[in-house]
Each structure stands twice: as C-alpha cells, then as structure tokens.
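Me: Please examine the protein shown below with me, one question at a time.

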Amino acid sequence: MTIGTSRTYLKLRIAPVALLLLHLVVRLFSSGTTPLADLYIYNAVGVLAALVAFYAPVSNDKLARVLLSVALFIWTLGSITTTWNDFYRPFFWFNFSDLCYILFYPLILLSLIRALTAHRTFRFAELLEVVIITFGLSTLIAYLFLKSAMTHFTGDSTTVFLSIVYPIGDVVLLAIALFIVLAQRRALRSFLFLLGIAIFTATDLYFLFKSASSQYNFGELSDDGWLLGLIVMAEALWHRGGEEELSDRVITSLTTIAMICSGLILAISALRQTFLPTIVLIPAIATIALAVARMAIALQQARTAARNLELARIDELTELANRRRFIHELTSLGRESATLLLLDLDGFKMVNDTLGHEAGDELLRQIALRFSRVTPAGSLLARLGGDEFGVIVPGNPRHGVEVGMALASTVSYPFIVAGHEINVGVSIGRVINDGALDLMARADKAMYEAKRSGGGMVLWQP
C-alpha cells in the first residue's frame, strides 16, 4: 500500500466520524428535525461506514468484508426508507424498512463469525447454517412471546412479532459476539466488534423501551448510537484479530438448538391441536427443511472425505493398497505373528523398453490381478512402486511360506499383452516379524539375495 493510498483510506475511515460529529452539532443547534440533518447527513454516515468495511485491508477474509459492508448498507437503507416516509410523501413500501432491519441480523452474525475465525474459503453449508439459526430463533421467539405480546401490543400477529424480534435479535447477537470474543485470545479486532455490537444493541433496546412507553421522539440524540455502533464495527476490520477455529463449534451448536426447538414446537402444536399463526409455522417448517438439507450436505461431505482418504491409500494403476497404507499397516504390527513378503519382478524392465510403458502398465495390472487371487483374506497386498509389491501375511510363518510360493506360481505361465506373449519372473524376500523397525530393510536384502540367486524366495537370516 503506497503512502497516497494510505492517506486516502485514512480519510475514508475519518469521514463517517466527522460526519457523525457534524450531525450532532446540527441537531444541538437546530430547533427540530430537518431533512438535511436527519435524512441526508444521518444516513450518509451509514453509507460511509459500509464503504469503510468494504475497503478494509485485503488481508481480511473477503467474504467478511463483503457481508459486513452489505449488512451496514442494508440497515442504512432501512433507515433511509423510514426517514424519507417521515419527511416526504410515503414512497417506499411500509414494511420495507422492517425487512432491511431483520436482514441486518443474519448478515452481521455471518460476517462476525467470518471476521473473528480462521475460515478463508466460502462454504455454502455455513450460509445455510446461519439461515437455519435465524429461522429457528424466529420460531422460538414467536412461540414463546407472541401470545403474551399480543395482549400488550396493538396490531396483527406480524406487527407484534416485529415488535419483539428486534430485542431478542439484539440479545442473541450480543451473546454470540461475547462468546466468540471470550473464547479467543485478546485482540483489538474482537474487542472493537464486541464494542460496536454492544453500542448498537444498547441504542436499539433504549429505542424499543421508549417506543413501547410512547416516549420516543423522532430525531433524538440517542439515535446516533446506532451509527456509532456501525462505525466501530467497520473500523474493527482494519485491525488484526486473534482468529481461531471457533465457528464450527458455535454454529453447529446453535444449528442443533434451532432445529430441536422448531421440531418440538411443531410436535407440540400437532399433539395439542393448537392453532399457531402462519408467522410461527413458516419459520418452523423452513428450519426443519433446511436442517434436513444441511444434514444431506454433511453426509455427502463425509462420503467425499472418506473416498478421498481411501484414494490417498490406493495405487491408481492396480487399485491395490499403496506404499503409504502398506507402511502404516507394517508399523502397526507390533510383535504380532506375521510374515512380510517383498516381491520384485524379473524381466519387467525389458517389457517397458521394447513394448513401451502402456504395455508395462497393462502387465502390472494383470500381475496385480493374479497376485490378488491367491492372496488370502486378512492379508494385505500392495504395490510399493514400479514393479515392486509387498504382502503382509498374518499368522504362522509357515503360512507365509505357502503364500509366497503361491504368488511365485502365478507368474510361471505367460501373460498376453498387446498381442505379445510375455514371461516374467519374481524374486521374493521373506521376513518373519519380530517387532523390529527395520523389517523393510531386511526384506529388501533377502529379495536382492533371491534376485542374485536367479529368482525364487529367500528368508532373511541374521
């Protein structure tokens, strides 16, 4: 970052603070609300805060920057619609501002998790989990408080629901932020995020309290608390944090709670045959449906991970176990009674030199097939690389001799590759397991002794 660019970004970070101070000065010296102060200047602060978040250093998680800037802009858009309808002829749909304010919470939650944890790749499942939590909490809030709230608030169930969802959303957001911050080591970013959320939620709860008691007046100085909270959250992305891998634990726990609550609410409603408003049923059903989809994604991811792990331990050419798996199984033997056989093909290099590598690969596949047919169940046959194979035969050493003789006999008759009749031999080094760490080295010496002797099987001796 050049000096000129640094100065530009510094001016950008100072701009919302300066504009907020300007708004406070105008409000202090004006006799009432004005479009200039409470529509244009006020909401310009929110737009600038969104830009501060968007242009945070690229070292941040890109998704965190985008989500936070979108969250701040959407909240500001809700504020713009509200104040516009207050000063001018209503132009925006009445509930549009409520929609913006509600969308603010899941976006802030997801950006918080991305900014304070170590994830650096986007996962669709992560977004799905946040939606599940949002719907699940909405269901729980509506079920627990809607009936009681309708006796204290006027309006339909949707209006009452909107009256209670904000304080619960504030408390949940603050609790999650506090949990993540306390679980991390001290970091300025985490502290600023928590401070910004705390200022925002305190202002929101103060506004809701005064509104419920009909004491709130539009354009109060306390309204600037919302903007201050947004500015502090945007500033947090400009500081390094103590990122930890916490999101999986936090999100998984909250997703499970949301799913269980929604399921219980639907079950209680069905068993008691009680009527629940649509605003309760829709989020509950959506939570269960999305949770099922999330579990399906998790199962697919588990299958993919298992498949990738299996492929990492399989030889692609012959589909036998590879060297990595073979060495792992060998080191896990301990002093278990077993025999190690190390096999090296005789005459294979000539096939590669005369017929080409494709013919050599086909020959290896045919040899692997013959070897696998005589390898008993419970034994491990692996291709160790090139034309070298290994077998671990558990049990009595005499059983290892029999398996070695059977493997040698499988190459005693010719192979047909690309229309050519090919004969190869095999040299086998045999080692009886005694718990030593150099079994492979011993088997290698015995195998080369067998090769020098013209093939066959040689037992390693001290």
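**Surface patch and sheet**

Reply: A nonpolar surface patch of about 370 Å² is formed by Leu 51, Phe 54, Tyr 55, Val 66 and Val 70. Patch residues have over 30% relative accessible area and no salt bridge, with nonpolar side chains joined within 5 Å; areas follow the Shrake-Rupley method with a 1.4 Å probe. A salt bridge is a Lys or Arg side-chain nitrogen within 4 Å of a carboxyl oxygen of Asp or Glu. This is a predicted model, in which local features need pLDDT of at least 70 and side-chain atom pairs pLDDT 80 or more, while totals for chains, interfaces and linings use all residues. Residues are numbered from 1 along each chain, and side-chain values use heavy atoms, without hydrogens and water.

Me: Is Phe 54 buried, partly exposed or exposed?
Reply: Phe 54 lies in helix α2; helices are DSSP runs (H or I) of at least four residues, and strands (E) of at least two. Buried means under 20% relative accessible area and exposed over 50%. With 37%, Phe 54 is partly exposed.

Me: Which strands stand at the edges of the sheet?
Reply: The open sheet has five strands in the order β2-β3-β1-β6-β7, with mixed pairing; paired strands share at least two DSSP bridges. Each edge strand has a single partner, so one of its sides lacks a neighbour in the sheet. The edge strands are β2 (380–385) and β7 (456–459).

Me: Which residue of β7 is the bridge partner of Ile 428?
Reply: Strand β6 (residues 425–432) pairs with β7 in the parallel sense over four bridges. The partner of Ile 428 in β7 is Met 457.

Technical notes
Patches are made of residues with over 30% relative accessible area and no salt bridge: like charges are joined within 9 Å, nonpolar side chains (Val, Leu, Ile, Met, Phe, Trp, Tyr) within 5 Å. Buried means under 20% relative accessible area, exposed over 50%, partly exposed in between (1.4 Å probe, protein chains only).
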